[in-house]
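Please look over the structure shown here.

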Amino acid sequence: TTIAKGLEDILRSKGIDVEMLDGDNLRKTISKDLGFTKEDRDKNIERVVYLSKILIKHNIIVLSSFISPYAEKRDWARQYIGDFMEVYVKCPLEVCEQRDVKGLYAQARKGIIKDFTGISDPYEEPLNPELILDTHHDPVELCVGNVLKKLYERGYVQVTPDFKNKERWKMSKIKIDKAGFISRNEVFGKTVFERDTFKFLFMD
């Protein structure tokens, strides 16, 4: 969610039509009737993908951040969407537990929460994602930069030089340099996104 939000902010700042679909938010709305069994998790992903497809038809970029533990459903989503980029947000289980401010992992360990991914329910690691983000070692800014770099490499993002915004240069150059996105001489100022090419980003 944090990485997707950072990416959304960048795209939106460039005037790009973008919507972020987040697992927690959708579970409070269109999927509030679902639990966490495999069947319910599959239904949740189906709803997300269907909603995404509708947004895509209106030329809106969709950033989707969900726990999607089953490879079969991720493959189905890829086929259904078509223009699809899978980002595996990788983190060791013990680090996830350390970062858990809600205490959900502790409850799962005690058996209070059932069907919890990584504890009482499996997570099938992606075999061929377009990008892997090592969030155990890399800060959020670097992860966001690596996604942008991948979009650039795949031709989803086009950049033209424009050095009018000196303040943005000062604030952004460290993050961009660490990410190795593209050179300083190319990145700052006006960024042009090919909105008809990049349609969907899926984060596990």
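A residue counts as buried when its relative accessible area is under 20%, as exposed over 50%, and as partly exposed in between. Tyr105, at 15% relative accessibility, is therefore buried. The model is a predicted one.

## Aromatic pairs

A pair of aromatic rings is described by the distance of the centres and the angle of the planes. This structure holds three aromatic pairs. One of them joins Tyr88 and Tyr123: the ring centres are 6.2 Å apart and the planes stand at 25°, so this pair is stacked. The cut-off for stacking is under 30 degrees. Tyr88 and Tyr123 link distant parts of the chain, 35 residues apart. Tyr88 belongs to strand E3 (residues 85-90), while Tyr123 is in the loop between helix H6 (104-109) and strand E4 (131-134). Tyr123 is partly exposed, with a relative accessible area of 27%.

Tyr105 and Phe116 make another pair. Their ring centres lie 4.8 Å apart with planes at 75°, so the pair is edge-to-face. Tyr105 sits in helix H6 and Phe116 in the loop between H6 and E4, so the contact ties together parts eleven residues apart in sequence. Phe116 has 14% relative accessibility and so counts as buried.

## Charges over rings

| Charged residue | Ring | Distance from ring centre |
|---|---|---|
| Arg27 | Phe36 | 4.0 Å |
| Lys38 | Tyr70 | 4.7 Å |

## Helix H3

Helix H3 covers residues 38-57, which is 20 residues. At 1.5 Å a residue, H3 should span 28 Å.

Which residues of H3 are buried? They are Asp40, Arg41, Asp42, Asn44, Ile45, Val48, Val49, Ser52, Leu55 and Ile56. An α-helix has 3.6 residues a turn, so residues three or four places apart point the same way.

Ser52 is in helix H3. Its relative accessible area is 0%, so Ser52 is buried. Ser52 and Met20 are 32 residues apart in sequence, yet their C-alpha atoms are 9.6 Å apart in space. After H3 comes Asn59, which has a positive phi, near 60°.

## Helix packing

How do H3 and helix H4 (residues 71-81) cross? Their axes come within 10 Å and cross at roughly 20°. Angles under 35 degrees count as roughly parallel. H3 and H4 are therefore roughly parallel to each other. Their crossing is right-handed.

Helix H1 (residues 2-13) and helix H7 (residues 140-153) also meet. Their axes come within 9 Å and cross at roughly 60°. That angle makes H1 oblique to H7. H1 passes H7 in a right-handed crossing.

## Strand E2

Ser65 lies in strand E2 (residues 61-65). With a relative accessible area of 7%, Ser65 is buried. Along the chain, Ser65 and Val89 are 24 residues apart; their C-alpha atoms are separated by 9.6 Å.

How values were computed:
Residues are numbered from 1 along each chain as its sequence is written. This is a predicted model: local features need pLDDT of at least 70, side-chain atom pairs count only at pLDDT 80 or more; totals for chains, interfaces and linings use all residues. Side-chain values use heavy atoms; hydrogens and water are left out. Helices (H or I, at least four residues) and strands (E, at least two) are DSSP runs, numbered from the N terminus. The expected span of a helix is 1.5 Å times one less than its number of residues. Buried means under 20% relative accessible area, exposed over 50%, partly exposed in between (1.4 Å probe, protein chains only). Rings of Phe, Tyr and Trp (its six-membered ring) pair if their centres lie within 6.5 Å; planes under 30 degrees apart count as stacked, over 60 as edge-to-face and the rest as tilted. A charge sits over a ring if NZ of Lys or CZ of Arg is within 6 Å of the ring centre and within 35 degrees of the ring normal. Axes are lines fitted to C-alpha atoms, for helices over the stretch in contact, and angles run from 0 to 180 degrees between N-to-C directions. Angles under 35 degrees count as roughly parallel, over 145 as roughly antiparallel, 65 to 115 as roughly perpendicular and the rest as oblique. A crossing is left-handed if the near helix is turned anticlockwise from the far one by less than a right angle, and right-handed if clockwise.
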